[in-house]
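This note is written for a colleague who is meeting the structure for the first time.

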Amino acid sequence: MKLFFSPGACSLSPRIVLEELGLPYESERVDLKAKKTASGADYAALNPKGYVPALQLDSGELLTEGPAIVQYLADQVPAKGLAPANGTLARYQLQSWLTFIGTELHKNFSPFFNPAASDDWKAGARANLERRLAYVNEQLASRPYLMGDAFSVADAYLFVVLSWTRMLKIDLAPWPNVAAFLARVGQRPAVQAALKAEGLA
Ligand SMILES: N[C@@H](CCC(=O)N[C@@H](CS)C(=O)NCC(=O)O)C(=O)O
């Protein structure tokens with residue numbers, strides 16, 4: 001398997017999952033502006049969506065969209081328990097979290113990385129983020145991870161989007177359970193290994 005990534009971007013989430021699972025994999029950096037991979041390949045031809053993450057399977061098939069990739073990976077090693085079994089209500093709860101993180105958190109960070117974003121867009125996104133972080137803070141009051149006592153792929157994704165608050169100087173002090181989650185997950189050996197692999201440790 002090969003993971004196409006950009007350091008610290010949402011592609012860090014499947015890398016954390018790969019490290020948690022102990023699966024062998026390769027990775028290749030993508031220049032998102034030039035749409036070229038580190039080996040000089042045309043990334044837009046390889047992945048017409050043009051963004052990361054993308055996971056190239058050993059069959060050559062390409063899987064895109066972070067939430068789908070992390071579930072695919074978790075299902076390769078079900079004994080690790082990073083995703084509940086397919087068809088269970090718990091699996092749909094996991095998908096609910098992955099969708100929430102993708103649409104309510106991740107995409108509200110996007111204007112802060114977009115030089116063309118207007119101040120109005122940023123202000124609206126920031127207000128949305130604050131409401132959603134308050135919700136996550138409440139949810140994490142009673143448990144260490146989104147799904148309960150056990151770390152899941154949703155936690156890997158949440159960790160990555162929350163890590164952007166450091167770069168953007170968004171203070172997490174109003175949401176102490178969120179700040180504690182970020183610190184807790186950041187200490188996991190697999191997360192440390194993933195950060196190191198991307199030159200971020
Ligand atoms: N819906 C996609 C969004 C992926 C995404 O937003 N990727 C960003 C990095 S976090 C990216 O590659 N942006 C560059 C671009 O869109 O050209 C997913 O969940 O995988």
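1. Asp75 is partly exposed in this predicted model, because its relative accessibility of 32% lies between the limits of 20% and 50%. Asp75 forms a salt bridge with Arg91, and the closest N and O atoms of the pair are 2.8 Å apart. Arg91, in turn, is buried, with a relative accessible area of 2%.

2. How is the chain divided? There are two parts, domain 1 (2-80 + 190-197) and domain 2 (89-188). The C-alpha centres of domain 1 and domain 2 are 20 Å apart. Contact between them involves 17 residues of domain 1 and 16 residues of domain 2.

3. The size of an interface is often expressed as the accessible area that is lost when the parts come together. Here domain 1 and domain 2 bury about 1,300 Å² between them, and carbon and sulfur atoms account for 65% of that area. On the side of domain 1, the residues that lose the most area to domain 2 are Cys10, Gln71 and Val191, which together make up 33% of what that side buries.

4. Polar links also cross between the domains. Nine residue pairs are in polar contact between domain 1 and domain 2, with both residues at pLDDT 80 or more.

5. Side chains of opposite charge can pair when their charged atoms come close. How many salt bridges are there between domain 1 and domain 2? The count is two. In the structure, the side chains of Arg188 and Glu20 meet in a salt bridge, with an N to O distance of 2.7 Å. The count of salt bridges comes to seven. Arg188 lies in the loop between H7 and H8, while Glu20 lies in helix H1, and the two are 168 residues apart, so this pair links distant parts of the chain. Glu20 is buried, with a relative accessible area of 15%.

6. Glu65 deserves attention for its backbone as well as its side chain. Although Glu65 is not a glycine, it has a positive phi of about 80 degrees. Glu65 also forms a salt bridge with Lys49, the closest N and O atoms being 3.0 Å apart. The pair links distant parts of the chain, 16 residues apart: Glu65 is in the loop between S5 and H3, and Lys49 is in the loop between H2 and S4. Both residues are partly exposed, Glu65 at 32% relative accessibility and Lys49 with a relative accessible area of 41%.

7. Two further backbone features are found in loops. Lys169 is a residue other than glycine with a positive phi, near 55 degrees. Lys169 lies in the loop between H6 and helix H7 (176-186), and at 71% relative accessibility Lys169 counts as exposed. The peptide bond from Val52 to Pro53 is cis, with omega near 5 degrees. Pro53 is located in the loop between helix H2 (43-46) and strand S4 (54-56).

8. Is Glu198 buried or exposed? Glu198 is buried, because its relative accessible area of 7% is under 20%. Glu198 is placed in the segment after H8. The side chains of Glu198 and Arg15 are joined by a polar contact of 2.7 Å. Leaving aside residues up to four places away in sequence, Glu198 touches Phe5, Ser6, Pro7, Gly8, Ser11, Leu12 and Arg15.

9. Two helical residues complete the note. Ser163, in helix H6 (residues 153-167), is buried, with a relative accessible area of 17%. The side chain of Ser163 reaches the backbone oxygen of Val160 at 2.5 Å. Glu130, in helix H5 (residues 119-139), is partly exposed, with a relative accessible area of 35%. Glu130 and Tyr145 are 15 residues apart in sequence, and their C-alpha atoms are 20 Å apart in space.

Conventions
Residues are numbered from 1 along each chain as its sequence is written. This is a predicted model: local features need pLDDT of at least 70, side-chain atom pairs count only at pLDDT 80 or more; totals for chains, interfaces and linings use all residues. Side-chain values use heavy atoms; hydrogens and water are left out. Domain bounds come from an automatic or database domain assignment. Contact means heavy atoms within 4.5 Å. Buried area is the accessible area (1.4 Å probe) that two parts lose on being put together, summed over both. A salt bridge is a side-chain nitrogen of Lys or Arg within 4 Å of a carboxyl oxygen of Asp or Glu. A polar contact is a pair of N or O atoms within 3.5 Å; within protein, one must be able to donate a hydrogen and the other to accept it, and residues adjacent in sequence count only if both atoms are side-chain atoms. Helices (H or I, at least four residues) and strands (E, at least two) are DSSP runs, numbered from the N terminus. Buried means under 20% relative accessible area, exposed over 50%, partly exposed in between (1.4 Å probe, protein chains only).
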